[in-house]
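Please look over the sequence and the structure below before reading on. The report then goes through a few features in turn.

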Amino acid sequence: MKTTLYFTLTLLTFVSLVFVSNSSAQDNSPEYVVRVIYFLPNDREPQSDIDTKLDELVKELQQFYADQMEFHGFERKTFRFEADDAGNVNVHHVNGNFDEAYYQNPETTSWIVWREIEAQFDMSKNIYLLVLDTNSNTIKTNLSRNGEAFGQASIGDGIKGAALIPVSASFSVTAHELGHTFGLLHGRYRAVTQEAIDDAMINSFCTAEWLDNNRYFNLNHNMFNLNSTIEMLPPTLVAPPATISFQFEITDPDGIHQAQLYTKHPDGDNLLIACQRVSGNSETVDFEITITKEILDTQTVLPSEIRATL
């Protein structure tokens with residue numbers, strides 16, 4: 001089964017392809033659902049109403065994503081979560097082996113909790129939203145400039161993903177980190193904030209179009225087995241000296257849904273530049289990019305990468 005394909009352009013001279021395959025299922029958990037874990041350090045007492053709080057949070061997140069899909073003209077759809085017999089979010093309680101200070105050590109980063117999670121859950125499928133119970137509304141990490149972050153997430157590949165938030169994370173932060181697990185990338189100039197929900201990464205047309213074909217937003221899943229090919233055509237100046245046209249020929253016998261052009265920020269972040277709907281089995285996509293002072297000020301190199309979702 002094939003999901004998201006990544007194409008990397010180095011110095012505009014060659015293209016490399018990374019194929020993401022589906023791992024074999026190892027347990028009886030449902031497929032393509034968000035699973036919620038409440039992680040408790042061994043020196044803390046659990047919150048008595050945490051299951052209710054997380055149930056309300058996840059259902060609110062469902063509503064938010066459905067609203068965004070509908071707003072942008074798509075079918076009103078959203079992700080599914082792992083539910084208990086009563087239809088509530090099935091919250092898995094995991095007691096950590098260490099104290100809060102251990103999981104908040106920036107030298108190891110809060111991702112250290114995943115070592116314990118991987119021993120108990122099949123991380124090769126599904127999306128995991130891990131809620132870490134600490135006194136802080138941030139998590140300590142050596143992956144950010146100031147040593148802490150509102151949340152962390154891996155970019156989902158269409159099969160699996162993982163997000164980590166503190167128990168006191170805002171709705172905006174949780175929606176943002178969960179968005180990464182669906183494969184969403186930061187916009188070119190977005191700034192992470194604790195409260196603002198005006199976040200182009202999770203409320204743009206590109207996002208809605210991307211999620212419209214996402215496995216987590218669809219009950220019926222198409223099987224994709226054939227590799228895509230991509231060829232970069234010579235770039236051309238559209239409006240010298242600042243606007244450049246980058247063209248790519250994309251072919252896949254199974255069909256492709258959307259192509260995205262994105263770049264690497266100097267801090268290592270992937271930043272979305274533009275998207276295009278791709279229909280059929282073969283198409284030439286054309287991205288016209290104007291190199292502005294804002295781009296130069298951020299030291300963003302254009303273009304860096306293109307990917308297509310199936």
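## A buried asparagine

N126 counts as buried, because its relative accessibility is 0%. This residue is found in strand β5. Although N126 is not a glycine, its phi is positive, at about 75°.

## Confidence in the model

This is a predicted model. The protein chain has an average pLDDT of 79, and 74% of the residues score at least 70. Over residues 1-26 the pLDDT is below 50, and this stretch has 88 contacts in the model beyond near neighbours in sequence. Residues 189-196 also have a pLDDT below 50.

Where pLDDT is low, the predicted coordinates should not be read in detail.

## Another positive phi

Y32 is a residue other than glycine with a positive phi, near 60°. Y32 lies in the loop between β2 (14-18) and β3. Is Y32 buried or exposed? The relative accessible area of Y32 is 6%. Buried means under 20%, so Y32 is buried.

## Helix α1

Helix α1 covers residues 50-71, which is 22 residues. What span should a helix of this kind have at 1.5 Å a residue? The expected span is 1.5 Å times one less than the number of residues, so α1 should span 32 Å.

The buried residues of α1 are I50, L54, D55, L57, V58, L61, Q62, F64, Y65, A66, Q68 and M69. The elements that cover them include the strands β3 (34-40), β4 (91-95) and β5 (126-132). The helices α4 (171-181), α5 (200-203) and α6 are also among the covering elements. Just after α1 comes G73, with a positive phi of about 90°.

## The disulfide

How many disulfides does a search of the whole structure find? The search finds 1 disulfide. The disulfide joins C206 to C275, with an S to S distance of 1.9 Å. C206 is in helix α6 (residues 205-211) and C275 is in strand β15 (residues 270-277). The two cysteines are 69 residues apart, and the pair links distant parts of the chain.

The torsion about the S-S bond of C206 and C275 is about -90°, and therefore the disulfide is left-handed. Both C206 and C275 are buried.

Key:
Residues numbered from 1 in each chain as written. Predicted model: local features only at pLDDT ≥ 70, side-chain atom pairs only at ≥ 80, totals over all residues. Heavy atoms only, no water. pLDDT = per-residue confidence, 0-100. Contact = heavy atoms within 4.5 Å. Disulfide = S-S within 2.5 Å. Helix = DSSP H or I, 4+ residues; strand = E, 2+ residues; numbered from the N terminus. Buried < 20%, exposed > 50% of the residue type's maximum accessible area, 1.4 Å probe, protein only.
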